[in-house]
Amino acid sequence: MCAIIAGGVEFPLLAFVATMTPVTPAQDLPLRLLVVASDSKTAAPIAACFGAGASIAPPGWIADAAALRKALLAERWDALLHFHGTRSLSEAAAFEIIGELGMDLPFIIIASADEEKTAIRAMKTGAHDAVLLDRLDRLVPAVEREVREARHRADHRAALEMLKDSEARFRTLASNLPGMVFHLQRDPRRHYRFLFVSDGCHKLFGVKQHELLNSPQLFFDAFETADRRRLTDALHASAANGAPLNWEGRLRGRAGGRWIDLRSMPQRQEDGAVIWQGIATNVTGAKEIEAELRASRQQLAELSFHLEVAKEEERERIARDIHDELGSILVRLKIEAALLASKLPPTPSILREKSASIEGLLDQALGTTQRVARQLRPGILKEFGLAEAIKCQSEDFAQSTGISCPVHCEGDIDPDPETSLALFRIAQEALTNIAKHAHASLAVVRLRREQGSIALEIRDNGRGISEADMNKPKSFGLRGIRERVHSLAGEFEIAAVEHGGTYIQLRVPEKRAVTPSAAEEDLQRNLF
């Protein structure tokens, strides 16, 4: 579209719109041109330049600069062509209106050959180009060039606005994050500098943004000496391997004890530099909770150990009472029954049968007493050691359940009493679980010594244990085994065997790190 505004002192301004297509193929869409001239006759060559077949709309009259302002606001224009010498609306006045409206509209002056110098002077008002009437062949390329540059300027402004908007959103997001967003760069000479840090740096490190940007060493100096070396090593490893930076360290000085967590991904540049874009957060609260959980876990383990010690002491006392008191009473009853039987007359025979029955019951009671006492606190454990105690337990297990249970012992196994008792109880609990749940016909126990450790393996050919069984909330047997192994600073593993059955393996130190008395004193002090 082409619009022409003609005006002069003698004539009112004439505004009309013409639709035309540029001759050159560089322009895909028709141009919308605003032409300022004294009259339609003066502006007629413009329509001829842009195509002889142009159609011109019925003319309309614009009397002053306000009408020009209205025309500019009413529609979008690609360029303004101003005939030099139009006294009713000078170049300066027209350009001022465009500036007031904040438009970037290509402004081209058209002048006669004898007005070339004045037209060039008029370009100082802000016109983009000047074309002489005797060289109108330059008009179309000049208009297309200026329109193209104007559109490039518009695209550039739009890109800048988008960039400013994106940067504003990023800064808002960074300022609202609970920590410091950072862009840290390491150049090929391994010198560090911050490309960006958010406002959170002052709250996190007590250092202002410009200070950290000017002196990145303040960031490294904020950490404890040992943690500072770890941070440097972590950055080197991340840069070398391209691995994420996941690092935690403690601050020094007035913020001592505060924990900082760094999370970032490295990006290697073409020149060999590495940039980490990530976030630093204060994880002191999480670390304190973690420490409290560890302390609580330790206290629970100590309490469990204390209860196990108390339980074993009570078992020993009960076993001793059963063996000494109840056992001696049963022996005396057997002796008395035997003496009584020897005094009975030959007839009637029913009396002797009853006496023999009583002696048999007493023998069963003595056997049961010995078995219960041995299960409560096996004396063989103290007298002959762990290997013989487990063999004796396996024999009792096979006799009572009918499940074959061979025991293989390798090496000289002589752990301390607490370790021996714990391993015996573990084997006892494992065999009990096999009898209750495995539906097995064979269980194999292997005990061996390995470089200062005792390894215990128990395998059966039953139905096998499932993940659901291992994760049952009331699986106290397995939980007790894990607690015992944990109290001995050992390792525990349980799994289902591929061809059926369950496999248990544990490994504990042969000797405990502290003496029993010292351990008991520490338990009492920590618990109470």
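The model is predicted: local features need pLDDT of at least 70, side-chain atom pairs count only at pLDDT 80 or more, and totals for chains, interfaces and linings use all residues. Residues are numbered from 1 along each chain as its sequence is written, and side-chain values use heavy atoms, with hydrogens and water left out.

**Overall composition**

- The secondary structure of the protein chain comes to 17 helices and 18 strands; helices (H or I, at least four residues) and strands (E, at least two) are DSSP runs, numbered from the N terminus.
- Of the 528 residues in the protein chain, 39% are buried. Buried means under 20% relative accessible area, exposed means over 50%, and partly exposed lies in between, with a 1.4 Å probe and protein chains only.
- Among contacts in the protein chain with a separation of 6 or more, 61% are between residues 24 or more positions apart; contact means heavy atoms within 4.5 Å.
- The protein chain has an accessible surface of about 29,900 Å², and carbon and sulfur atoms hold 55% of it. Accessible areas come from the Shrake-Rupley method with a 1.4 Å probe, and for residues only the protein chains shown count as cover.

- An open sheet is built from 5 strands in the order 10-9-13-12-11, with antiparallel pairing. Two strands pair if DSSP finds at least two bridges between them.
- Strand 10 (192–197) and strand 11 (245–250) are the edge strands, each pairing on one side only.
- From one strand to the next, the twist averages 30°. Axes are lines fitted to C-alpha atoms, for helices over the stretch in contact, and angles run from 0 to 180 degrees between N-to-C directions.
- Strand 9 (residues 180–186) pairs with strand 10 in the antiparallel sense over 5 bridges, and Gln 185 has Arg 193 of strand 10 as its bridge partner.
- Helix 9 (residues 225–241) packs on the sheet and touches strand 9, strand 10, strand 11, strand 12 (259–268) and strand 13 (274–282). The direction of helix 9 makes about 175° with that of strand 11.
- Strand 11 and strand 12 run antiparallel and are joined by 6 bridges; Leu 245 has Ser 264 of strand 12 as its bridge partner.
- Strand 12 and strand 13 are also antiparallel, joined by 9 bridges, and Arg 263 stands opposite Ile 279 in strand 13.
- A hairpin is formed by strand 12 and strand 13, with 5 residues between them. Gly 272 in the turn has a positive phi of about 95°.
- Strands of a sheet pair through backbone hydrogen bonds, either parallel or antiparallel.

- Leu 300, Leu 303 and Leu 307 make a nonpolar surface patch of about 270 Å². Patches are made of residues with over 30% relative accessible area and no salt bridge, where like charges are joined within 9 Å and nonpolar side chains (Val, Leu, Ile, Met, Phe, Trp, Tyr) within 5 Å.
- Leu 307 lies in helix 10 (residues 284–343) and is partly exposed, at a relative accessible area of 48%.
- Ala 365 sits in helix 11 (residues 349–376) and is partly exposed, at a relative accessible area of 26%.
- The C-alpha atoms of Ala 365 and Gly 327 are separated by 8.8 Å, although these residues are 38 residues apart along the chain.

**Salt bridges**

- The whole structure has 27 salt bridges; a salt bridge is a side-chain nitrogen of Lys or Arg within 4 Å of a carboxyl oxygen of Asp or Glu.
- Arg 250 forms a salt bridge with Asp 227, with the closest N and O atoms 3.1 Å apart. This pair links distant parts of the chain, with Arg 250 in strand 11 and Asp 227 in helix 9, 23 residues apart.
- Arg 250 is partly exposed, at a relative accessible area of 33%, whereas Asp 227 is buried, at 3% relative accessibility.
- Glu 457 and Arg 448 meet through their side chains in a salt bridge (2.7 Å, N to O), and both residues are buried.
- Arg 449 forms a salt bridge with Glu 510, with the closest N and O atoms 3.0 Å apart. Arg 449 is in strand 15 (residues 443–450) and Glu 510 is in the loop between strand 18 (502–509) and helix 17 (516–527), 61 residues apart.
- Arg 449 is partly exposed, at 44% relative accessibility, while Glu 510 is buried, at 8%.
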